[in-house]
Amino acid sequence: MSAQQIRLEKENHARDADFNKALHGKTATAVGGFSSMLSKDKDAKKLAVDEYFKHFDNKSAATETDADREARTAEYATLTKHYYNLATDLYEYGWGQSFHFCRFSPGEPFYQAIARHEHFLAANIGIKPGMKVLDVGCGVGGPAREIAKFTDAHITGLNNNDYQIDRATHYAVKEGLSGQLKFVKGDFMQMSFPDNSFDAVYAIEATVHAPKLAGVYGEIYRVLKPGGVFGVYEWLMTDEYDSKNLEHRDIRLAIEEGNGISNMVTISEGLGAMKEVGFELLHHEDLAARPDALPWFWPIAGELRYMQSYLDFFSVVRMTHTARGLVHAFTGFLELVGLAPKGTKKTADALAKGADGLVAGARKGLFTPMYLMVGRKPAN
Ligand SMILES: CC(C)=CCC[C@@H](C)[C@H]1CC[C@H]2C3=C(CC[C@]12C)[C@@]1(C)CC[C@H](O)C[C@@H]1CC3
């Protein structure tokens with residue numbers, strides 16, 4: 001399938017806005033996190049849960065067919081939209097407002113390391129004051145706010161989830177950054193921006209949600225000005241991944257299910273997609289392969305040996321298997337007594353399974369969440 005042959009999902013912004021209002025109500029401007037999670041509309045939440053998990057329930061790597069994978073990729077936008085309808089509050093509660101991993105230096109505070117990863121990408125693509133920059137798949141705008149402050153550029157965040165757009169807009173107003181930031185709803189496979197409209201484009205662990213990387217990279221190429229640079233931290237299976245190996249496929253499927261991904265591909269395919277759409281590759285590197293003292297996945301591994309200070313105790317403990325069992329039981333109890341909408345436990349379980357897949361993939365050298373690719377659109 002070439003970039004031109006990708007089937008796009010038909011967009012319906014009015015329908016999405018109505019659903020967003022029904023599911024999230026006024027929680028978009030609330031403090032967020034755990035309490036927001038409990039105040040969703042129960043029927044709308046059930047619909048989101050059913051729509052998301054229909055692609056994964058009763059499926060396994062051993063029995064998965066090409067048709068299952070094609071059904072997922074055909075509904076890539078709905079799948080990712082509902083994943084984030086379910087996971088956004090948990091992410092904010094358990095991780096913060098920058099939905100990505102990063103490298104860590106010994107003793108470095110968590111949020112400092114997250115910001116450093118964002119600055120590193122901004123520096124690699126040469127973002128300068130006043131530039132018009134696009135953030136593809138901007139989440140709730142954590143990276144866009146940090147990069148706007150770091151570079152003085154104007155950033156447009158593109159996102160297909162209305163709740164995340166609302167939260168990103170809310171935070172930008174709160175931080176007095178509305179003049180520098182704008183958030184636009186849309187599918188990154190069919191962007192509404194005219195050709196040649198941005199000086200630079202970046203994507204942080206977001207384009208993995210595409211059904212085909214050449215599709216989203218092709219759109220990025222189109223909206224980038226000639227001579228402009230695109231930088232991405234991509235989630236990819238390494239070239240050690242063997243699709244004939246059941247354990248490898250198990251790991252990939254666990255990552256996909258736990259993270260709203262329809263079809264994750266390998267490093268070679270990622271590089272191929274950049275070249276296919278016309279980018280001149282300036283740099284590419286697996287940052288996870290650098291000899292860091294601490295692995296990128298330590299906050300989700302649940303191992304006390306990775307604690308940097310006593311302040312990390314609760315973050316580490318909550319990812320242990322015992323704590324996950326408690327979360328499972330607690331969310332189940334909240335659902336039973338009607339304090340949490342149905343699907344809260346299922347979502348927490350899927351995230352935990354996804355986290356296990358990420359750690360297993362990393363330990364076996366099969367997966368990276370930070371494959372850095374920097375490409376230039378040739379000047380005319
Ligand atoms: C989905 C993509 C492409 C990117 C998101 C990367 C990370 C921000 C997430 C991947 C796994 C997530 C988990 C959590 C937060 C966000 C992630 C690290 C939790 C720690 C949130 C709190 C839950 O109780 C456990 C979650 C485990 C997975």
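This is a predicted model: local features need pLDDT of at least 70, side-chain atom pairs count only at pLDDT 80 or more; totals for chains, interfaces and linings use all residues.

User: How many residues surround the ligand, and which are the closest?

Analyst: A residue is near a molecule if one of its heavy atoms lies within 4 Å of it. Here 16 residues surround the ligand, and the closest are Tyr84, Tyr91, Glu205, Trp235 and Asn259. The protein covers 95% of the 610 Å² of accessible area that the ligand has on its own (Shrake-Rupley method, 1.4 Å probe).

User: Which elements give two or more residues to the shell?

Analyst: Helices are DSSP runs of H or I with at least four residues, strands are runs of E with at least two, and both are numbered from the N terminus. Helix H5 (76-94) and helix H15 (344-363) are those elements; H5 gives the most, with 4 residues.

User: What is the phi of glutamate 205, and is the residue buried or exposed?

Analyst: Most residues other than glycine have a negative phi. Glutamate 205 has a positive phi, near 50 degrees, and lies in the loop between strand E4 (198-204) and helix H9 (213-223). Glutamate 205 is buried, at 7% relative accessible area (buried is under 20%, exposed over 50%, partly exposed in between; 1.4 Å probe, protein chains only).

User: Where does aspartate 152 lie?

Analyst: Aspartate 152 lies in the loop between helix H7 (142-151) and strand E2 (154-159). Its phi is also positive, near 65 degrees, and aspartate 152 is partly exposed, at 48% relative accessibility.

Methods
Residues are numbered from 1 along each chain as its sequence is written. Side-chain values use heavy atoms; hydrogens and water are left out.
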